Amino acid sequence: MKKRVVVGLSGGVDSSVAAYLLKEQGYEVIGLFMKNWHDDSVTISNECPWLEDSNDALMVADKLGIPFQTVDLSEQYKERIVDYMFNEYENGRTPNPDVLCNREIKFDVFMKIALELGADFVATGHYCRKQTQIIEGKEVHSLMAGVDPNKDQSYFLCQLSQEQLAKALFPIGDLLKPKVREIAAANDLITAEKKDSQGLCFIGKVRLPEFLQQQLKPKAGFIYEISNDNSVFNKDEKVYDSLEEQLIAESTSVRYNPELGKKVGNHNGAHYYTIGQRKGLNVGGTVEPLFIIGTDVVENAIYTGQGSQHPGLFRKSLFVKPEEIHFIREDLILKNGESMDVMARIRYRQPLQKATLHKFESGMYVQFNEYQSAITEGQFVSWHLGEELIGSGVISKL
């Protein structure tokens with residue numbers, strides 16, 4: 001009897017080819033399109049993006065001769081993703097909705113619907129791979145990087161569990177993007193030349209500032225510039241009493257106040273901005289571009305510095321709270337007092353960086369070999385051994 005796979009057809013080329021490959025491999029394939037949003041007032045273009053994507057997904061399913069239906073997950077998406085996003089921005093953190101969407105929607109709500117349809121697996125068009133091995137008599141699933149170095153999307157799946165991975169398939173993880181388009185074109189799929197989505201996960205092309213302004217009201221405030229040679233950045237070589245004390249110091253961001261700098265402009269709400277941001281400040285007259293080095297949503301102030309090498313952008317370590325530490329590989333979980341050398345990244349597409357995990361009762365510290373630019377609270381840090389992503393956590397403020 002054929003194994004049944006439900007494919008999340010997004011209306012893009014990657015999920016289209018994923019469905020094609022699964023059918024070629026002999027699976028019984030069902031296409032499901034997730035409708036996650038109803039409000040088209042914040043999209044970039046006039047057309048209705050989810051409707052266009054849904055139609056493309058339907059035409060692909062029709063071409064492949066597989067059953068197709070649309071599932072409306074907008075209520076769960078609003079509750080689990082959008083409300084969380086608003087809350088995070090309101091509190092001065094910068095969430096990653098795509099990571100959350102995979103954990104909470106595609107591989108939870110959507111997966112449960114698929115299993116109710118009798119699916120053995122759920123498949124997506126992610127550029128990553130799954131490997132399975134037996135460790136101490138138990139199946140252990142590994143999340144591996146996609147073969148295409150320019151498209152590896154394992155970071156977006158960094159919060160998945162063993163239970164979710166067990167039911168997941170990633171048919172295009174071994175392919176390069178040009179090959180995926182070539183397969184789509186050879187099989188006359190309408191999505192062959194379609195551009196990759198730039199919008200929020202399964203919502204479409206959304207203007208984030210307008211999206212946030214739906215719920216977070218504008219609030220006028222000041223932009224301050226902190227000079228590169230401000231004494232607050234003087235890091236004297238200090239001897240610490242313990243490793244944990246050193247890591248706390250390295251993970252703590254500078255506390256800025258208006259007296260440290262000069263007023264250079266106005267903004268419409270500190271909660272709309274994020275660390276490392278350069279565009280959207282509308283402040284001219286500086287030798288180098290201004291980058292945001294700190295935001296204060298309580299005082300509604302934004303702090304900036306000139307140039308991408310401003311010392312306010314860089315930190316050596318970051319902190320993850322105990323409840324926000326997540327290991328995909330549960331057999332590799334660190335105990336208090338243990339350390340592990342890994343490769344890590346703090347954002348999608350960032351080249352992997354050498355780092356060490358340090359686990360304490362207070363939480364996990366990720367200490368990098370080199371200073372990192374724009375470590376941002378609310379974002380995810382992922383840690384890797386070779387090509388395998390073994391865990392992740394939410395970056396927290398100290």
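The structure is a predicted model, in which local features need pLDDT of at least 70 and side-chain atom pairs count only at pLDDT 80 or more, whereas totals for chains, interfaces and linings use all residues. Residues are numbered from 1 along each chain as its sequence is written, and side-chain values use heavy atoms, with hydrogens and water left out.

## The two sheets

Helices (H or I, at least four residues) and strands (E, at least two) are DSSP runs, numbered from the N terminus. Two strands pair if DSSP finds at least two bridges between them.

Five strands, in the order β3-β2-β1-β4-β7, make up an open sheet with parallel pairing. Its edges are β3 (68–72) and β7 (168–169); each has a single partner strand, so one side of each is left without a neighbour in the sheet. Within this sheet, β1 (residues 4–8) and β4 (residues 121–123) run parallel and are joined by three bridges. Opposite V6 stands V122 in β4.

An open sheet of four strands has the order β9-β8-β11-β10, and its pairing is mixed. Here the edge strands are β9 (262–267) and β10 (290–296), each of which pairs on one side only. On average, neighbouring strands of this sheet are turned by 30 degrees against each other, direction ignored; such angles are taken between axes, which are lines fitted to C-alpha atoms (for helices over the stretch in contact), and run from 0 to 180 degrees between N-to-C directions. Five bridges link β8 (residues 221–225) with β9 in the antiparallel sense. The bridge partner of F222 in β9 is N266.

## The second largest pocket

A pocket is found on a 1 Å grid over the protein atoms alone, as an open set of points where a 1.4 Å probe fits, with protein on both sides within 12 Å along at least five of seven lines; its lining residues have an atom within 4 Å of a point. The second largest pocket holds about 1000 Å³ of space. Its lining has 38 residues, and A249, T252, S253, V254 and R315 lie nearest the centre. At least two lining residues come from each of α8 (243–251), β10 and β12 (314–320). With four residues, β10 gives the largest share. The lining comprises 17 nonpolar, nine polar and twelve charged residues. In this count, Ala, Val, Leu, Ile, Met, Phe, Trp, Tyr, Cys and Pro are nonpolar, Asp, Glu, Lys and Arg are charged, and the others, Gly among them, are polar.

## Single residues

A residue is buried under 20% relative accessible area, exposed over 50%, and partly exposed in between (1.4 Å probe, protein chains only).

| Residue | Relative accessibility | Class |
|---|---|---|
| S142 | 2% | buried |
| N300 | 6% | buried |
| R349 | 52% | exposed |
| K279 | 64% | exposed |

S142 belongs to strand β6 (residues 138–145). Its side chain makes a polar contact with the side chain of E388 at 2.8 Å; a polar contact is a pair of N or O atoms within 3.5 Å, where within protein one must be able to donate a hydrogen and the other to accept it, and residues adjacent in sequence count only if both atoms are side-chain atoms.

K279 is placed in the loop between β9 and β10. Twelve residues separate K279 from F291 in sequence, and their C-alpha atoms are 8.2 Å apart in space.

N300 lies in the loop between β10 and β11 (301–306), and R349 in the loop between β14 (339–345) and β15 (353–360). Phi of N300 is positive, near 55 degrees, in a residue other than glycine. R349, which is not a glycine, has a positive phi of about 75 degrees.

Methods. Points joined across faces, edges and corners; volume = space filled by probe spheres on them.
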